[in-house]
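Student: Could you take me through the aromatic rings in this protein? I would like a close look at how they pair up.

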Amino acid sequence: RLAKFAEIECDLKSKQGSYNPKKVTRTIPTDEQIVTAIDTIKNRGWQWTAGVMATYGLRDHEAFLCEILHKEYDGESWPIALVPDATKTGNREVFPLPRIWADRWKLANITKPNITAPINKIYGDRTSTQFSRYKMPFKPYDLRHAWNIRAALDLGLPTAVAAQMAGHSATLNLETYQKHISSVRAAQAYLEALKNNS
């Protein structure tokens, strides 16, 4: 628009990207791969960050901004990730999945890397750099995908509830996250459902 206003000949259409999250293919790590990789991180702050992302399905910047609080539900104390309003999708509570990871990586003992950023993208860039530096066999966002698939297949959490905890719509949950369910995981879920209905 600026070029047009200044009457400068400029064709930027050819420079426009074609990213479409619906067309991205991912290989989602198994829980065993996630545990093995995060266990190898020696830096406590980065292990905590990766652990929070894996356990709560948080975006990288949400891991830096969240708190872990203990809340009573059904007579039991749960380590809940509280994502503040300053994030992409606003205030929400997220339950650990699986819960044993919250204990494994001592996530209630908040130990974040010493990074502050004026915009969320910087947290994402730093996280990607560290994952690469630690030679993690997956990308940071793959942990979020794995959480959403775990919520659907392992826990049988209704899509609307999983989407609310993840901070997106049920449609986005199905189109972006659950679409990466591998044929092996789908077969496992099918066989498990058969057992439960027999």
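Tutor: Start with the setting. This is a predicted model. Of the 198 residues in the protein chain, 38% are buried. The chain has 10 helices and three strands. Along the sequence, the pattern runs α-α-α-α-β-β-β-α-α-α-α-α-α.

Now the rings. Searching the whole structure turns up six aromatic pairs. Take Tyr73 and Phe95, one of them. Their ring centres are 5.2 Å apart and their planes meet at 55 degrees, so this pair is tilted. The cut-offs explain the name: planes under 30 degrees apart would be stacked, and over 60 would be edge-to-face.

Where do Tyr73 and Phe95 lie? Tyr73 belongs to strand E1, residues 67–73. Phe95 is in the loop between strand E3 (92–94) and helix H5 (99–104). The pair therefore ties together parts that are 22 residues apart in sequence. Tyr73 is partly exposed, at 31% relative accessibility. Phe95 is partly exposed too, with a relative accessible area of 23%.

Next, look at Trp101 and Trp105. Their ring centres lie 5.3 Å apart, with planes at 55 degrees, so this pair is also tilted. Trp101 and Trp105 are both buried.

Rings can also gather in a group. Trp46, Phe64 and Tyr123 make up one aromatic cluster.

The ring belongs to Trp78, and the charged end of Arg99 sits over it, 4.4 Å from the ring centre.

Key
Residues are numbered from 1 along each chain as its sequence is written. This is a predicted model: local features need pLDDT of at least 70, side-chain atom pairs count only at pLDDT 80 or more; totals for chains, interfaces and linings use all residues. Side-chain values use heavy atoms; hydrogens and water are left out. Rings of Phe, Tyr and Trp (its six-membered ring) pair if their centres lie within 6.5 Å; planes under 30 degrees apart count as stacked, over 60 as edge-to-face and the rest as tilted. Helices (H or I, at least four residues) and strands (E, at least two) are DSSP runs, numbered from the N terminus. Buried means under 20% relative accessible area, exposed over 50%, partly exposed in between (1.4 Å probe, protein chains only). A charge sits over a ring if NZ of Lys or CZ of Arg is within 6 Å of the ring centre and within 35 degrees of the ring normal.
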